[in-house]
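Please look through the sequence and the model below.

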Amino acid sequence: MAQEPPPVVPTEEAAQLPIPPGSRGGKQCTYAGCSKPQESSKFYTIHQQSSAGNRDWSALQGQVLCRTCYNRFRGRGTLDHGHNSPLPPVRKQCTYAGCGKPEG
């Protein structure tokens, strides 16, 4: 009769190995604008008590955010990427009183 191998007990070293993206028990980022909703090293469930970055997280309560989206909201207070919005035009004007071209 063959003896069964002992059960595998995770060691502290094994617990620190990264978990492959997309294998986090079905978790994914619920933000519709997320570019990689299933690829994250960590996911955050937003609770009523969430207060990171002194932000108001109440509108996101119950949602799951990937690390990127979580850090964006914590730092900026918005999930919008912002890099797609055009910059306002800058009006340049010379402040030298004797300038012949003060606007330009």
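Ser40 sits in the loop between α1 and β1. Helices (H or I, at least four residues) and strands (E, at least two) are DSSP runs, numbered from the N terminus. This is a predicted model: local features need pLDDT of at least 70, side-chain atom pairs count only at pLDDT 80 or more, and totals for chains, interfaces and linings use all residues. Residues are numbered from 1 along each chain as its sequence is written, and side-chain values use heavy atoms, with hydrogens and water left out.

Ser40 has 10% relative accessibility, so it counts as buried. Buried means under 20% relative accessible area, exposed over 50%, and partly exposed in between (1.4 Å probe, protein chains only). The side chain of Ser40 reaches the backbone oxygen of Lys42 at 2.6 Å. A polar atom of that Ser40 side chain also lies 3.1 Å from the backbone nitrogen of Arg67.

Arg67 lies in helix α2. Its relative accessible area is 35%, so Arg67 is partly exposed. Arg67 and Ser41 are 26 residues apart in sequence, yet 7.0 Å apart in space, C-alpha to C-alpha. Their side chains make a polar contact at 3.0 Å. A polar contact is a pair of N or O atoms within 3.5 Å; within protein, one must be able to donate a hydrogen and the other to accept it, and residues adjacent in sequence count only if both atoms are side-chain atoms. Leaving aside neighbours within four places in sequence, Arg67 is in contact (heavy atoms within 4.5 Å) with Ser40, Ser41, Lys42 and Tyr44.

Arg72 is also found in helix α2. Which residues does Arg72 contact, leaving aside its neighbours within four places in sequence? They are Gly77, Thr78, Leu79, Asp80 and His81.

## The loop between β1 and β2

Asn54 is found in the loop between β1 and β2. Asn54 has a positive phi of about 55°, although it is not a glycine. Most residues other than glycine have a negative phi. Asn54 is exposed, with a relative accessible area of 80%.

Leu60 lies in the loop between β1 and β2. Is Leu60 buried or exposed? Its relative accessibility is 9%, so Leu60 counts as buried. Leu60 touches Ile46, Leu65, Phe73 and Leu79, not counting residues up to four places away in sequence. Leu60 and His47 are 13 residues apart in sequence and 8.2 Å apart in space, C-alpha to C-alpha.

## The nonpolar core

A nonpolar core is a set of buried Ala, Val, Leu, Ile, Met, Phe, Trp, Tyr and Cys residues joined through side-chain atoms within 4.5 Å. The largest one here has 15 residues, and Leu65 and Cys69 touch the most other members. In soluble globular proteins, nonpolar side chains tend to be buried together.

Cys69 touches Cys29, Tyr31, Cys34 and Leu79, not counting residues up to four places away in sequence.

## Confidence

pLDDT is the predictor's confidence in each residue, from 0 to 100. The protein has a mean pLDDT of 75, and 67% of its residues reach 70 or more. Among the elements, β2 has the highest mean (93), and helix α1 (residues 12-15) the lowest (37). Over residues 7-24, pLDDT stays under 50. For that stretch the model has eight contacts beyond four places in sequence.
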